[in-house]
Amino acid sequence: MPRYVIINADDFGLSCSINRGIMEAHRFGTVSSASLMVNTPGFLEAVSLAKSTPSLGVGLHFNLTYGTPATNPLLVPSLVGAGGSFHGNQAEWTCRDIARELYTQYGRMLKHGLRPTHVDSHQHIHLDNPVVYSLVKKLVQYEELPLRLPSNRQDPELPWVTDELFMYTYDSQTGVPHLLSLLCKIPEGITELLCHPGYVDDDVRRLSTMTTAREEELFVFIDPQVVVRIAELQANGILQVIHYGQFQAIRSVLTRGR
């Protein structure tokens, strides 16, 4: 069976510096997909970049922890603190408010001319919170979209899920050899390999505790050894780098071939 990998950069739209790093890695032929935050400072620029770069698949990175909601904060009181920003305390979240914010964020992408190629979530809240999972599941079922799930959390009701999910960090010391090793171990079927590349600016420092680690990951994904290895694997027919927008067609071919 063929081997396919989706190399997905999370936090597209977090800031203009993150956008710049993701686009740089995409131009080097490594990052093929990105997950877009719709309520953060780099959103509008990310939309413009996505529209001008159809080779980059762009999904929804559902966010309930950074910044302010896409919905009027008064309409989602369980999600926000006194200042109107997300407080991140899951114990206070209500199903109604989560659903309202989810569909507002999804709608904001559509309103700006982007149909998500897939859905995942910031800080993996759809994997950690059962209520978030049930609501996101309903959305992807209705919209017929892939959802990020690890192999040990497969859901028989969701047909468009990768066969494997690699969730690692890539530091400046071990990142390149680790990634090179992973690329040679991609199993048959479709694998998602996620990452967080980007440059750091004041918006990143204000919103995220993950700062210099993003630049370390970017330098791994644009390292000449990595770029050459991915190109060689593709040229030799060993591995194909795809994005989630191609997922359903490839899954159909793989299913027919079994």
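Gly57 touches Ser32, Ser33, Ala34, Thr117 and His243, leaving aside residues up to four places away in sequence; a contact means heavy atoms within 4.5 Å. This is a predicted model, where local features need pLDDT of at least 70, side-chain atom pairs count only at pLDDT 80 or more, and totals for chains, interfaces and linings use all residues. Residues are numbered from 1 along each chain as its sequence is written, and side-chain values use heavy atoms, without hydrogens and water.

**Gly57**
- Gly57 lies in strand β3, residues 57-62. Helices (H or I, at least four residues) and strands (E, at least two) are DSSP runs, numbered from the N terminus.
- Gly57 is buried, at 2% relative accessibility. Buried means under 20% relative accessible area, exposed over 50%, and partly exposed in between, with a 1.4 Å probe and protein chains only.
- The C-alpha atoms of Gly57 and Ile238 are 22 Å apart, and 181 residues separate the two along the chain.

**The whole chain**
- The protein chain has 10 helices and seven strands.
- Its C-alpha atoms fill a box of roughly 55 × 40 × 30 Å along the principal axes.
- The radius of gyration is 18 Å, which agrees with the value near 18 Å for a compact globule of 258 residues. It is taken over C-alpha atoms, and the globule rule is 2.2 Å times the number of residues to the power 0.38.
- Buried residues make up 55% of the 258 residues.
- Among contacts with a separation of 6 or more, 70% join residues 24 or more positions apart.

- Asp11 is not a glycine, yet its phi is positive, about 75°. Asp11 sits in strand β1, residues 3-12, and is buried at 1% relative accessible area.
- Glu144 also is not a glycine and has a positive phi, near 55°. Glu144 is in the loop between α5 (130-143) and β5 (164-167), and is partly exposed at 47%.

**The largest pocket**
- The largest pocket has a volume of about 180 Å³.
- Of its 15 lining residues, His122, Gln123, His124, His196 and Met210 are the closest to its centre.
- On a 1 Å grid over the protein atoms alone, a pocket is an open set of points where a 1.4 Å probe fits, with protein on both sides within 12 Å along at least five of seven lines; lining residues have an atom within 4 Å of a point. Points are joined across faces, edges and corners, and the volume is the space filled by probe spheres set on them.
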